Amino acid sequence: MLWKDLDVWKKSHELVLKVYEVTKTFPKNETYSLTDQIRRASSSIPANIVEGQSRNTTKEYLQFLYTARGSLEEMRYFLFLSKDLGDLDQKLFQSLEGDGEVLSKMLNTPLILNHDAF
């Protein structure tokens with residue numbers, strides 16, 4: 001199975017696309033700080049899934065999934081901060097937070113460790 005076929009990768013990629021779209025509206029003075037941090041954290045999620053899935057052992061795959069989870073939580077914090085700073089409205093925050101919650105559950109489930117993933 002290719003990484004492109006993994007549901008967890010598809011969901012994380014969709015989230016990155018949403019994050020990039022939402023952060024286009026952030027103030028220009030945040031371009032090299034908060035906007036950049038959110039985008040890097042979000043894009044690290046699917047990138048780590050890809051790298052982990054390409055490894056030959058379950059142990060290595062799990063390590064990259066743990067890293068992806070860390071990036072997800074980092075992104076969620078920065079979105080929370082953006083909301084509190086007034087750069088992200090409540091409705092968009094709730095939508096992204098919901099997506100993050102779904103993705104978090106997917107990253108925590110053993111179903112993504114099926115043998116088809118290798």
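## The model

This is a predicted model: local features need pLDDT of at least 70, side-chain atom pairs count only at pLDDT 80 or more, and totals for chains, interfaces and linings use all residues. Residues are numbered from 1 along each chain as its sequence is written, and side-chain values use heavy atoms, with hydrogens and water left out.

## The whole chain

The protein chain has four helices and zero strands. Helices (H or I, at least four residues) and strands (E, at least two) are DSSP runs, numbered from the N terminus. Along the sequence the pattern reads α-α-α-α. The radius of gyration of the protein chain is 15 Å, close to the 13 Å that the globule rule gives for 118 residues, so the chain is as compact as a globular protein of that length. That radius is taken over C-alpha atoms, and the globule rule is 2.2 Å times the number of residues to the power 0.38.

The C-alpha trace spans about 45 × 25 × 20 Å along its principal axes. Of the 118 residues, 39% are buried. Buried means under 20% relative accessible area, exposed over 50%, and partly exposed in between (1.4 Å probe, protein chains only). Take the contacts (heavy atoms within 4.5 Å) between residues at least 6 apart in sequence: 72% join residues at least 24 apart.

## Helix H1

Helix H1 covers residues 7-23. Its 17 residues should span 24 Å at 1.5 Å a residue, and its end C-alpha atoms are 24 Å apart, which agrees. The expected span is 1.5 Å times one less than the number of residues.

Which residues of H1 are buried? They are Val-8, Trp-9, Ser-12, Leu-15, Val-16, Val-19, Val-22 and Thr-23. They cover an arc of only 150° around the axis, which puts them on the same side of H1. The arc is that of the directions from the helix axis to the C-beta atoms. On the other side of H1, Asp-7 and Leu-17 are exposed. The cover over the buried residues includes helix H2 (34-53), helix H3 (58-85) and helix H4 (90-108).

Trp-9 lies in helix H1. Trp-9 counts as buried because its relative accessibility is 14%. Not counting residues up to four places away in sequence, Trp-9 touches Trp-3, Lys-4, Pro-46, Ile-49 and Val-50. Trp-9 and Pro-46 are 37 residues apart in sequence, but 5.5 Å apart in space, C-alpha to C-alpha.

Thr-23 is also in helix H1. At 3% relative accessibility, Thr-23 counts as buried. Leaving out residues up to four places away in sequence, Thr-23 touches Thr-35, Ile-38 and Arg-39.
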